[in-house]
Structures are given as structure tokens and as C-alpha cells.
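Here is a short note to read beside the model. Please keep the structure open and look up each residue as it is named.

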Amino acid sequence: MALKPWLKLSIQILNLMNRPKKENKRRLWQLLLLLSPLLATLISLSAGSLDLPWNKLFAILRQGPGSDVEQVIIWQIRFPRALLAGLVGAALSLSGVTFQAVLRNPLADPYLLGVSGGAALGAVTALTCGIQSPIVIPLAAFVGALTALLLVYLVAQAHTCSSHTLILSGVMIGSLAAALLLFLLWRAPADATRQAIFWLAGNLSLADPDWLSWGWLWVIIGFLLLWSQSLNLDLLTQGEETAADLGLNVGRTRLILFTLAGALTACAVSLAGLVGFVGLVIPHICRLLWGPGHRLLLPFSALLGSTFLIIADAIARSLYAPAEIPVGVVTALLGAPFFLYLLRRKGGDL
Amino acid sequence: MIQINNLSFSFAAAEIFSDLNFSVSRGEILSIIGPNGCGKSTLLRLLRGSLKIQTGEVLWEKTPVEKIPPREMARRVAVVPQSTTIPFPYKVRELVAMGRYPHRKNLLSFQDKSDLYAIEQALVMTDILPLAERPVTQLSGGELQRVLLARALAQNSSVLFLDEATSHLDIDHRLELTELLVRLNREQQTTIVQISHDLDLAAAISQRILLLTEHGKIAEIGIPKKVMTAANLQRIFRVDVKVNSNPFTGTPQIVPLINCSAHQLNGLKIHLICGGGSGKTLLRRLHLTQAETTAGPLNQGDSDEAVATTLNIPVAQEVPFNPFSESTLLKAKKLIDQTGVLVITTQWWGEGNLPCLDLAEKAIRQGIAVYLLAQQREQDFTEGKAWGKIQQLQQQGAKTIRNEEHLFEELAQQLIV
């Protein structure tokens, strides 16, 4: 009967209402988290050099895209920008969670294994070659990032090596890329250098809107695939040997997780440059708040990561409007104190 | 059930095992014992296929171990590791639930009724139900060990591998968990292979014991009474022990013969004639007893010389790989003249160190007590010259001592005299 699912649902809702208070409070928080990227987007849309009050904002949103100045600002500048910030925040948080678990190292971040160096090298090579196209530069960065990751994987023989070897190989490949990058910047014309530095500091305004939908598709697929690996991630945090003893095919799982996390980072970096801090601290904050189980940690990190970066970008745009502070400054200034506060409250236990 | 044929293994250049042959039968408790570093943990890894086999084979019911996929293997055998650090604060219940991984049907969780039941049962049996909601990062070593055992129990496998799984436990929980293992073995026919340093407990519960030598060979395998003999333990662990039978259970019980009171020798002057590593244990132990020790003649670079120099023990030194010169022998004689006791270790005799025996003879004439640690004719490479001199020394009053323990007793006597 068609009644049955409805009956089930209503029982579930009743159960939800009968839960103990603490449980209820937690549910409320989770619901809030689920909606937070939307709220953040609204805040981001109203913030900036042209301050829009809420009622006006909603009016413009109802009107839809158009040729009016305010319509153009909202629909063609701020909205894509918020979408990009959300994408980058989610991608970096997801890959941060993954790298921290696979490497069993709380200091790991998406850039640890040379991905940032590779991406930067790719992008800057394109820039110094005189390529300005917003279509090509992300592609060059993407290829650079994946090449670096592939190198690390091959050099460390990551199928069998320990996580320490992997980290060290990553740091070395990263240094190599950084050295080459410096050399390129030293050789490059001043104009290209300025652009490159802009890119290296992380910038959410560069992306071509055509890339946005592809980026989102990439991130959503990446998330779903990662999510399907959440039990495997839990097992890997116990160490390679224990994971294998519990029945995990460690080599294969590592390869899958690496590819996914690497692809997510590469996507974020190629669209927005090196936005720092998000991928390191968001996973920790989520772990402190909701525990280390990856089934919840992955979606929550993605949500919180995108919310966090959307807000940070809104602040970066409006604080010294019309000038922009680099968004990395805001993420660190907001994230570090909050993280330290949580750390102290939980008794210093990561 | 598990058959091990001609298994050899080496790390880099060092050979860990050569040519092991034994089997584990269904439903038995087999304890692996042996000195530190003899490869017990490595052996356990090879048995479950987590290390790649180099030569030989391990068969699980006639299937080679490398042909069994990881998940299938985890359903057959659960492992309780030595100890481990877990960097993230999983709750105890979550960690135990990981034991259900090889049985999972759902991609995202273990919510099956049988899973929940197995987890709950494992928590209760290891007495950690009160800890179920605590993060594992806050547990003590013993609590964590029980959590790891619970995870293995939740795996519901027919074989259990334990790598010193009770080493961090207090006596209460150690006995309780040992009882639990025995019960699992009796009631569910769980096969248990454990590495243990608690020899008494291993002897009490095991059907068979596998004793490994320092060089990864099987010294003996069989029922505890046959393996746990004073002679075996003395040979493998180089300790003086007596093996009694436990008055209550009748199982072998090891009584170490350490007489601490005999081990204070301050004031006693001892000279040691050793070489080639034959004296390094003695040098170290004499240093601990605070006896005034000297040694030599010894070549520089000899392992005994290295130990003596490190411990600030005066040594009559010779340059490397040279026979002892007149002046070195004179130096040694001066050292001997100042001591009351001369000890000659069990060593190999060649033309190079033959003059040392002459030094000993002179010492006897001066009235110095000379002790010979058990010498062996096979270690004489001077066509009988050294052996002749040794016998002569014995006739002149040098005492032969069976082992180092007895030497210490004798030395304590010397101190009283």
C-alpha cells in the first residue's frame, strides 16, 4: 500500500520529537548546517562595495537576471562568485579530511603532497608563456596538480609504502615544483609575475563562469564517490596493517582515495588558486564537533567548508570595499581563533 | 588447518627464518615463545599473509595464503595487535564496530541485527561496556588492549591471532581474558595462536608451544611439559631457571634463579681474559655489581674491547688483528698483579691468544684465584696446545665453573673470604 511509507515517515518524525533533549539539539544543529550554505550565499550576495539591503536583494532575486546594474552585479558577479567560493570550500575540506585520514596525520592538508606546487607550476607556466585565457589557465593548473600527485605516488610506491614515506615524497616533489616556480617567476616579464602572484595568493574572481558548472559537477561526483568510501577511510585511520587485518584491500583503496582527493584539490586550485587554511582546519573543526566517523564527517565538512569560504569571501570583499583583501587572510584570521577555542574547550584532544 | 612448509624469510640481508615446518591444527591453542627479535611477530604476519612470502608456503586448508583475498582472510582470522596509536578520537563502540567490516552488507554502515549483537557481545565479554561511549584516545594502555580484543571478537572469526595481547593488562584482567580465550577455545572451537612473554600462563593454557631460537629456527614444538624444560629455556633465553610443576594445576611453572644478594661485589678486584664477544655479558654484569674490573689483553675493535672501553674498564690493548706483543702482555700482567681474581671466559683458542694461558699460570703461582668458565675441546685450534695448558691450569688449582650464575656465587664467596 502507498500508505506504508507515510506511516513509516510519521513514526520517524514522532521518534524525532520523543528523542532526549540533547539529541534534539544536535538534530537542530545538523539541520542548520544543512541550510548554512544557502544563508551564507544570501549574506554574500548582499555584501560588497555596493551594499544592498535585504528587501532590495530579495526583490532583485525575484526579478531574475537582467540588464539593470544591480541585476548584473547580483547575477553575473556576486552569484557566480559565491558559487565558486562554495565549490572551493567544499572541495578543499573534503580532500583535507581524506588526506588526514589516509596519512594518519592531523597536520596533513590538501596541499601537503605537492598538489599546490604542481598546480602553481602549471598555471604560472601558462601565464609566462603569455597565455591569458581564463579557459586555458585552469586546465594547465589542473594538469600540473595531477602530474605532481602522480609523481609522488610513483616515487613513493604508494601501494605499499608507509604514510611517512608518502608525506616525505610529497614534500620533496612540492619543493622541487616550488624551486622551478621561483625560477620561472624570476625569468618572467613583470606583468605575468604580478598576475601569477595574484593567483598564488588565492583568488575567487578569476574563474570563467563556464567552468563553474563543470567544477560543481566534478565536486558532487567526487563527494559521492568519497562518501561511498567512508568506512574504508575509518579503517585506514587505524593504520595500514590493522586495516588490512580487518579485510581492507589497502593498496587499491589508497589509490582510489588519492585519486579522488587529488582530483578535488586540483579542481579547487585550478579555479581559485591557492586558498589556504580551509582544507586544514575545517576537517578538524568538524571532527571536534561531530566525531571522527567519516560517514558524517565528509558531508558536514563539505557543508561547513563551503559556508566558511563563502562568508570569508564576503568579508574579504566588503571590509575595505571597493578594494579586496586576499581571502586567505580572512580564512586564517577567522578560522585559527575559532579552532583554538574549540581545542581548549574539548581539552586539547584532537 | 594452517600448514607451514619450508618457510624462509629475510629482511634486507638479515635472515629471519629459514626452513620452518609446522602446522596449526583446528581448535588448538598454540603459543609462540622465544627471545626478543627472533621474529615472532613476523611469523604471525606471514601466517596471515600480511607480509609477502619469499620462499616456502603457508596453506590455509590447502589454499595458499596469498590466494585468499583480504576480506575473506579477515573472516577467517582476527588479529589483536601488540599496541597501536589511534590518532583520531573514535568512540570505543565505533572502534569495536570496525570488526564487523569483513561481514558488512551495506556500503555505509553496520546496522544489521547480527552486527549489533556481535558488537554488544564483544563489549560485554571484554568488560568494556562502561567505556563504550568514551573516545579511544582517552583510554589507558590496558583498556585499549581490551578494546582491540573486543574488535577482534566482533569479527566472529574461527581463528584468533594474538600478538602479546595481554602484556599491558593488570593481573585481574589478564587472568580474566585468559579465561575468556580458553572458553572461546572450548565452546566455539576457536583456534588461537598467540605470542606470549608470560611463560607460565602460556604453559597453563596452551595445547602446544612453539619455542623459537634467536636465529628463527624451531627449537622445539610440542606439549608444554616437553618444551618448557630448564635445559631448553637455559639454551634459548640464556637464563638459569628451574621448572617446577604448579602445585595447583600441574602445569609447568618457571622459577628464575636470581640471587640478588650475591650480585653486590663492590671492593672485589677481578681481571677478565676474554675476546671475540665471549666476555661482553660478563663485563656488563660485573660493572653492575660494582666490582673493580680490568680486562685484557684485547685487540682494539674486538667487541669485548668496545664494551670494556665504554664502561671505563681498564684494558691492556693491542692494535687490531695483531698477535699480542710482549709489551701488551706485560701491561696485562701488571693489571693481573693488582687483582685477587682472574676469570677466563669460554672462548676460541688460537696461536694469537695462547699466551693468555701462560699469564693465567703465572697468576696461579702468585696465589691469585683463577676461574675457568667451561672450556670446550672443540674450541681449541692450536692442535691441542691450548687444551693441554688448560688441563695443566686445572691441575694447578684453577677452578672450572659451569656458567656465569655459578661464577657470581663463587665471586660472592671470594668477597667473604
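**Notes on a predicted model**

1. Chain B has 15 helices and 18 strands. Chain A also has helices, 15 of them, but zero strands. Both chains come from a predicted model, and every value below is computed from that model.

2. How does the radius of gyration of chain B stand against that of a compact globule? For 417 residues the globule would be near 22 Å, whereas chain B has 27 Å. The C-alpha trace of chain B spans about 85 × 45 × 40 Å along its principal axes.

3. Chain B is divided into two domains, which should be read together with the previous point. Domain 1 covers 2-256 and domain 2 covers 260-416 of chain B. Between the C-alpha centres of domain 1 and domain 2 of chain B there are 44 Å.

4. Two further values describe chain B as a whole. Buried residues make up 39% of its 417 residues. Of the contacts in chain B with a separation of 6 or more, 64% are between residues 24 or more positions apart.

5. Taken along the principal axes, the C-alpha atoms of chain A fill a box of roughly 70 × 60 × 45 Å. In chain A, 48% of the 350 residues count as buried. Contacts between residues at least 24 apart make up 77% of those in chain A that join residues at least 6 apart in sequence.

6. Helix α5 of chain A, residues 115-128, has 14 residues. From its first C-alpha to its last it reaches 20 Å, close to the 20 Å expected at 1.5 Å a residue. Is α5(A) mostly covered or mostly exposed? It is mostly covered, with 13 of its 14 residues buried. Just after α5(A) comes A:G130, which takes a positive phi of about 85°.

7. With 17 residues (171-187), α6 of chain B reaches 24 Å from first C-alpha to last, close to the 24 Å expected at 1.5 Å a residue. Its buried residues include B:L177, B:T178 and B:L181. They lie on the same side of α6(B), because they cover an arc of only 105° around the axis. As a general rule, an α-helix has 3.6 residues a turn, so residues three or four places apart point the same way.

8. What does the other side of α6(B) hold? There, B:D172, B:E179, B:R183, B:R186 and B:E187 are exposed. After α6(B) comes B:Q189, with a positive phi near 55°.

Key
Residues are numbered from 1 along each chain as its sequence is written. Chains are lettered from A and ligands numbered from 1 in the order in which they are written. This is a predicted model: local features need pLDDT of at least 70, side-chain atom pairs count only at pLDDT 80 or more; totals for chains, interfaces and linings use all residues. Helices (H or I, at least four residues) and strands (E, at least two) are DSSP runs, numbered from the N terminus. The expected span of a helix is 1.5 Å times one less than its number of residues. A residue is buried if 20 or more other C-beta atoms lie within 10 Å of its own, exposed if 12 or fewer, and partly exposed in between; C-beta atoms are placed from the backbone. The arc is that of the directions from the helix axis to the C-beta atoms. The radius of gyration is taken over C-alpha atoms; the globule rule is 2.2 Å times the number of residues to the power 0.38. Two residues are in contact if their C-beta atoms, placed from the backbone, lie within 7 Å. Domain bounds come from an automatic or database domain assignment.
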